[in-house]
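The stops below follow charged pairs.

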Amino acid sequence: MQVKIADSWKNILQEEIEKLYFKNLISFVENEYIENICYPEKESIFAALNYCALDAIKVVVIGQDPYHGKGQANGLCFSVKEEIKHPPSLINIFKEIETDLGISYPKSGDLSRWAKQGVLLLNATLTVRESEAGSHQKQGWEEFTDAIIKKVSEEKKDVVFLLWGGYAKKKIKLIDTKKHHVLTSGHPSPLSANRGYWFGNKHFSQTNEFLQVKELKKIEW
């Protein structure tokens, strides 16, 4: 399988791509896509990187797994393809944006519009088998995406990291919190949101306030 990563990232991650674990990971993924239905489509596996060059990153959102339902995943965490029904976590994200910023609930759940503004929408695991959540975990993806988070932390400054839920919060150890702005809250999934750990976090307005202070362009959420 060809690793279709934008050249700007390929140069930064070259050392990682040449490691044995990554080669083993790619052959595992290749085999999985031959033997099973997997998501996202092959050309979208590295979409988070391909939409958002390192130089352009202003915000990082960390998810866990791609959606495993038919036609949902598009390679960006929490995002779905155009015309696809919004999953519960995404609904809660949009509801929070609605109350936080007074923006109307959007029709499209495709978050590539965020990615194009410098929001890195990175899942820890970049592929999944259909209807089997977590089926591609612990195969090497986490090591690769941890390396990406570390690179962002090392190479950039004043990036806003949005860590939602227990899994994402663990990634704080990869981030230099003296250089960057970290916001944490519960996960937007109904289980966490309905217990009061998500709604009212105001992460979207806080992100824009921080960017404004740093004289960076705000995100149009």
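This is a predicted model: local features need pLDDT of at least 70, side-chain atom pairs count only at pLDDT 80 or more; totals for chains, interfaces and linings use all residues.

Residues are numbered from 1 along each chain as its sequence is written, and side-chain values use heavy atoms, with hydrogens and water left out.

A salt bridge here is a side-chain nitrogen of Lys or Arg within 4 Å of a carboxyl oxygen of Asp or Glu. By this rule there are six salt bridges.

Select E16 and K19. Their side chains form a salt bridge, N to O 3.3 Å. E16 counts as buried (under 20% relative accessible area, with exposed being over 50% and partly exposed in between; 1.4 Å probe, protein chains only), because its relative accessibility is 12%. K19 is partly exposed, at 31% relative accessibility.

Next, select D146 and K171. The salt bridge between these side chains has an N to O distance of 2.7 Å. D146 is in helix 6 (residues 141–155) and K171 in the loop between helix 7 (165–169) and strand 6 (181–185), so the pair ties together parts 25 residues apart in sequence. Helices (H or I, at least four residues) and strands (E, at least two) are DSSP runs, numbered from the N terminus. Both D146 and K171 are buried.

Last, select E32, R129 and E132. Salt bridges with shared partners join these three residues into one network. In the R129 to E132 salt bridge, the closest N and O atoms are 3.0 Å apart. E132 is partly exposed, with 36% relative accessibility.
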